[in-house]
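Work through the exercises below with the sequence and the structure at hand. Each task is followed by a solution in steps.

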Amino acid sequence: MISKFQKYLFFAMLVACVGMAAFLIRLRNRAQDRLAAQATAAPAEMAETTSPPTTVTLYVPNDLDDSLTTVDTSLSLPAGRNAQARVILEKLVEAYNAPGSTHPMQVASGIDDVYFVPVPQGKDGTGGGEMAVIDLSGALAAAQPSGIEPETLTLLSMMATLHANLPAVTEVHFLVDGQARETLAGHADLTRTYLAGEEPSVQRSALRVPGEENGLRVTGYGLPVASQQVSEPASPLRATGSRLPATLPAPGSGLPAAARSGE
Amino acid sequence: MRWIEAAAVLGMAAGAAGFQQQSQPAAPLAQNPAVPVAPAPVAPPRVQPPQFLVVVDAAHGGSDIGARLRNGVLEKEITLGIAGRLRSTLRARGVDVLMVRTADVDVAPVNRAETANHAQASACLTIHATATGSGVHLFTSSLTPTANARFLPWQTAQSAYVTQSMKLESEIDSALAHAAIPVTLGRASVALMDSMTCPEVAVEVAPVVAGHVSTARAVTDPGYQKQVVDAIAAALEQWRSDWKP
């Protein structure tokens with residue numbers, strides 16, 4: 001026999017549950033609306049608060065000789081480092097997609113977002129700086145040619161470009177569509193965090209074709225010690241007023257070639 | 001976090017090589033002097049030289065098709081074909097080979113690394129194929145070289161072998177150059193490679209783009225594949241002659 005008190009208690013708890021569920025659903029909808037409003041406001045903010053054109057350095061990969069070539073281009077950057085990083089990387093993806101690209105990839109938009117997370121400094125003085133989390137679009141991952149070389153070049157070019165233009169970035173982690181993923185397209189590891197300033201990330205390889213001069217001298221295990229001179233600006237970025245694709249950075253310098261050429 | 005007990009593996013290797021019998025052959029007899037023991041002829045210690053073994057891993061397989069090359073050819077098919085050729089060529093030259101996969105089956109990356117690590121191989125090669133670039137791309141792990149230790153973190157176990165991997169890469173590079181095949185050297189982060197406890201090189205075969213000297217060759221060209229395989233086999237023979245266990 002259920003007492004009247006128990007019945008009242010049951011119905012009171014039921015009403016409370018329904019009320020709490022409705023409250024939570026309402027909170028969730030409000031949070032979704034807020035996020036959507038931020039997302040739609042971002043491009044408007046970018047358009048309104050863009051600065052005068054500034055020179056940015058892109059590290060454009062070349063599949064044929066496994067190298068990164070610096071290309072300087074002028075961009076009007078928006079306010080806010082996240083938006084700046086995104087615009088710079090989108091420009092790099094644009095270079096992938098351009099006709100005659102040395103790293104062809106048919107993708108219209110490749111960067112969903114870029115976030116920055118401070119890296120705590122270790123007791124021995126290591127660390128510090130910022131970790132950039134690059135959220136790649138699923139379209140870019142789908143368009144990425146599969147292979148160790150092309151996938152590694154994509155990651156390296158993004159890391160080197162970000163580090164060159166935002167030197168505070170010391171580490172880079174990649175996501176795809178906001179989710180952690182094992183590889184970019186079956187090969188390059190996306191589970192690890194990369195050091196943006198590490199030598200292999202900006203310069204790590206060389207091509208040696210027997211009997212064919214390509215301007216590279218190889219020592220040790222493949223680090224070129226001479227720069228590659230590109231005879232003509234094959235870059236599709238010429239239309240934006242960019243300077244010539246210049247030289248490969250010297251190992252360990254981590255500096256864009258334009259900075260060195262200006263010395 | 002997974003760890004690899006390197007010292008335990010090395011201890012097993014030493015035991016297999018007969019080093020333990022060598023160091024303490026009469027210890028059990030000396031512990032019980034009351035028991036009369038007839039002088040037994042002392043058998044010469046059996047020192048079995050460590051085996052030179054090459055692990056060949058045809059990347060991808062099964063549901064993991066790898067890259068889609070031209071004309072609908074799949075990377076997993078090319079890698080298996082090249083790996084099979086390499087096995088035959090190496091065996092013909094008297095080199096023992098362990099294949100990680102011999103059929104179109106799924107093999108988890110962790111199982112590939114475990115197979116290579118348990119074999120205590122003298123050289124590990126992972127065969128890949130791609131449609132981009134030109135010639136053969138050789139990759140070693142991008143991990144910073146470290147000293148060998150008793151315990152190695154699973155994700156970075158290769159760091160203790162990076163220096164050897166680079167030497168092996170250099171051997172293969174020289175052999176490919178001798179065969180007039182364009183070579184690209186690099187370092188990459190591939191999860192499977194970073195967990196291997198052996199000198200490891202990823203060999204990625206790309207089509208040859210026509211140049212001033214080189215003529216265009218497809219990845220599927222059997223003649224090109226044979227040239228690549230012969231060069232790698234020659235490099236591994238050289239590696240064997242220089243190899244010190």
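The model is predicted. Of the 245 residues of chain B, 43% count as buried.

**Exercise 1.** State how many helices and strands chain B has, and what share of its contacts with a separation of 6 or more joins residues 24 or more positions apart.

Solution. Chain B holds 8 helices and 8 strands. Among contacts in chain B with a separation of 6 or more, 78% are between residues 24 or more positions apart.

**Exercise 2.** Describe how helix α6 (residues 162–178) of chain B packs with helix α8 (residues 222–242) of chain B.

Solution. Step one: the axes of α6(B) and α8(B) are 8 Å apart and the angle is about 135°. Step two: α6(B) is therefore oblique to α8(B), since angles over 145 degrees would be needed for roughly antiparallel. Step three: the crossing of α6(B) past α8(B) is right-handed. Step four: α6(B) contributes B:L168, B:E171, B:I172, B:S174, B:A175, B:L176 and B:H178 to the contact, while α8(B) contributes B:A231, B:I232, B:A234, B:A235, B:Q238 and B:W239. Step five: by class, the residues of this contact between α6(B) and α8(B) are 9 nonpolar, 3 polar and 1 charged.

**Exercise 3.** Is B:V162 buried or exposed, and which residues beyond four places in sequence does B:V162 contact?

Solution. B:V162 lies in helix α6 of chain B. B:V162 has 23 C-beta neighbours inside 10 Å, so B:V162 counts as buried; the cut-off is 20 or more. Apart from neighbours within four places in sequence, B:V162 contacts B:T140, B:S141, B:L143 and B:P145. The C-alpha atom of B:V162 is 9.5 Å from that of B:V201, a residue 39 residues apart along the chain.

Terms used. Residues numbered from 1 in each chain as written. Chains lettered and ligands numbered in written order. Predicted model: local features only at pLDDT ≥ 70, side-chain atom pairs only at ≥ 80, totals over all residues. Axes fitted to C-alpha atoms, helices over the stretch in contact; angles between N-to-C directions. Helix = DSSP H or I, 4+ residues; strand = E, 2+ residues; numbered from the N terminus. Parallel < 35°, antiparallel > 145°, perpendicular 65-115°, else oblique. Left-handed = near helix turned anticlockwise from the far one by under 90°. Contact = placed C-beta atoms within 7 Å. Nonpolar A, V, L, I, M, F, W, Y, C, P; charged D, E, K, R; others polar. Buried ≥ 20, exposed ≤ 12 C-beta atoms within 10 Å, placed from the backbone.
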